[in-house]
Structure formats: C-alpha cells, structure tokens
Amino acid sequence: MRTAHKLVLLRHGQSEWNLEKRFTGWTDVDLTEKGKEEARAAGRILHEEGYTFDLAFTSVLRRAIKTLWIVQEEMNLEWIPVQKTWRLNERHYGALEGQSKLDTVAEYGEAQVELWRRGYDVLPPSIDPDDPCHPRFDRRYGSLLPDELPRCESLENVVERMLPYWHQTIAPAIRSGERVLVSAHGNTLRALVKYLDSVSDRDIVGMNIPTGIPLVYELDGDLRPTTSSYLGDKDKIQRAIESVVQQVKTER
C-alpha cells in the first residue's frame with residue numbers, strides 16, 4: 001500500500017478590500033477583525049481535530065502571512081518553519097487593483113468585467129510599468145527577473161507560475177513525510193485545486209473557496225487526491241460557500 005499524506009489549504013481571512021469589494025491582487029492590504037476571527041476559528045478547529053504541521057507555506061502578502069501567524073498561535077506551532085514565496089501571491093489584477101468591483105461594472109459593463117474576473121485565460125487591463133504600484137518598485141520582488149513581474153494575470157497565468165513551486169518545493173516536502181499547511185489566496189488555491197483535482201478550464205471558472213475554512217486533502221503516495229473536504233461544522237461550511245457565491249453574483 002502506498003503511503004498516504006494529508007495537505008491542508010487555507011484561504012486567508014476576510015481582508016479590508018474583500019469587505020469593500022475592491023480588486024485586491026498583489027496590493028498588500030490587511031485583515032479585518034472578522035478576518036482575524038476567521039483565522040482564529042481555523043486554528044482552533046485544526047487543533048481540536050488533532051492536526052499538527054511540520055512546515056507551512058505562504059505568500060509574501062500580509063493577509064496570508066497574518067492568517068498563518070494566528071493559526072500557528074492557536075495551535076502552539078509558532079516555532080515551525082515557514083517558507084514565503086511570491087509564487088503563492090494572489091492573482092495580479094493589473095490596472096483594476098484598488099478599483100471598486102461595482103464601479104468597474106458601471107464603467108465597463110457586466111459582461112466585460114465578468115470576463116476579466118472569471119475567464120480562465122482572459123487578462124484584465126495591464127498596470128503601467130511606471131505606475132508606483134507596479135511590483136518592480138516593491139523591494140520584496142527585487143530578486144525577480146523582469147519577465148517574472150506581472151503587469152496583470154489571468155487564472156491561467158497563476159497556474160503557470162504556481163505549479164513550478166508546487167513541483168519543486170511543496171510536493172517534495174509532502175513526499176518526505178512532512179505535514180504541510182498552505183496559507184494563501186483564493187486564486188492561488190483555486191489554481192492548486194485545479195491541478196490536484198484535474199478540474200477543466202471551463203469548470204474552474206465557477207469554483208469558489210471561502211475564507212478561513214481549512215480544506216483538507218488526503219493524497220496517495222503519488223500525491224493524487226483520494227478525498228478532500230472542508231473542516232468544521234457542515235452547516236457553517238455550506239453557508240460560507242453560499243455566501244461566496246452570492247457575493248460574486250451581487251458584484252456583477
């Protein structure tokens with residue numbers, strides 16, 4: 001029998017721009033108080049259910065990092081190694097970052113904004129390379145090559161820049177027996193789920209991941225999923241998923 005592994009994925013708690021319904025992407029906004037409580041609840045349920053971790057991965061954005069910090073504190077795991085990488089950053093929304101989703105619909109029309117948001121390979125408008133918000137002006141990305149710095153991204157682009165890190169870093173850690181937690185973002189986690197579950201380009205468009213609820217994968221020795229499920233109260237999980245779907249609809 002092949003060795004079984006568990007992998008836990010966690011979308012960060014509600015952020016300030018989640019609350020304000022703004023395109024966020026690589027903009028480094030903080031958690032709301034609700035987001036912090038979501039992270040605490042995630043840490044508590046993981047601890048209560050007997051989970052522990054040897055290693056954690058996160059992005060270089062504070063909402064994912066702080067979510068991980070809170071979970072570690074709730075689980076008494078502040079001491080475990082954490083690896084941060086831009087490859088787990090949220091999708092870069094280009095010139096849309098910081099814009100109100102509702103105002104963008106009013107300006108460009110529902111159909112166009114829906115394509116930018118949910119089309120698998122559709123790019124939003126690019127950020128100007130001289131814009132002060134371009135990642136080339138942020139020193140946390142100083143070691144990246146020019147062609148690694150996005151001016152905007154589709155979900156397809158997120159898959160392409162995230163998967164090398166999965167294959168080269170996260171997957172080998174899991175295969176070695178380490179118990180791994182990934183604290184990241186809606187689109188990077190959707191990209192990973194797309195790969196793990198072999199979700200089609202068409203079907204991934206309609207998939208949403210709620211904030212602050214651990215998604216647990218059981219993987220075989222080849223790191224192919226055998227089961228996956230959200231951890232916690234089933235009614236609460238269902239309400240959270242329905243809330244995400246409803247939010248997407250109301251922002252159109």
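**Close-up views of a predicted protein model**

View 1. Asn76 is found in the loop that lies between helix H3 (62-74) and strand E3 (82-84). The coordinates are those of a predicted model. Most residues other than glycine have a negative phi. Asn76 has a positive phi of about 55 degrees, although it is not a glycine. Is Asn76 buried or exposed? Its relative accessible area is 51%, and exposed residues are those over 50%, so Asn76 is classed as exposed.

View 2. The phi of Ser198 is near 55 degrees, a positive value in a residue other than glycine. Ser198 counts as exposed, at 63% relative accessibility.

**View 3. The hairpin of strands E5 and E6.** Strand E5 (residues 215-219) and strand E6 (residues 225-230) run antiparallel and are joined by 5 bridges. Within this pairing, Glu218 stands opposite Thr227 in E6. The two strands E5 and E6 form a hairpin, with 5 residues between them. Leu223 is in the turn of this hairpin and has a positive phi of about 60 degrees. In a regular strand the side chains alternate between the two faces of the sheet.

**View 4. The buried face of helix H5.** Which residues of helix H5 (residues 110-118) are buried? They are Val113, Trp116, Arg117 and Arg118. Seen down the axis of H5, these buried residues fall within an arc of 165 degrees, so they line one face of the helix.

**View 5. The whole chain, for orientation.** The protein chain contains 9 helices and 6 strands. Its C-alpha trace spans about 55 × 40 × 35 Å along the principal axes. For 252 residues, a compact globule would have a radius of gyration near 18 Å, and the value of 18 Å for the protein chain agrees with this. Of the 252 residues, 53% count as buried. Among contacts with a separation of 6 or more in the protein chain, 75% are between residues 24 or more positions apart. The accessible surface of the protein chain comes to about 12,200 Å², and carbon and sulfur atoms account for 47% of this area.

Notes: Residues are numbered from 1 along each chain as its sequence is written. This is a predicted model: local features need pLDDT of at least 70, side-chain atom pairs count only at pLDDT 80 or more; totals for chains, interfaces and linings use all residues. Side-chain values use heavy atoms; hydrogens and water are left out. Buried means under 20% relative accessible area, exposed over 50%, partly exposed in between (1.4 Å probe, protein chains only). Helices (H or I, at least four residues) and strands (E, at least two) are DSSP runs, numbered from the N terminus. The arc is that of the directions from the helix axis to the C-beta atoms. Two strands pair if DSSP finds at least two bridges between them. The radius of gyration is taken over C-alpha atoms; the globule rule is 2.2 Å times the number of residues to the power 0.38. Contact means heavy atoms within 4.5 Å. Accessible areas come from the Shrake-Rupley method with a 1.4 Å probe; for residues, only the protein chains shown count as cover.
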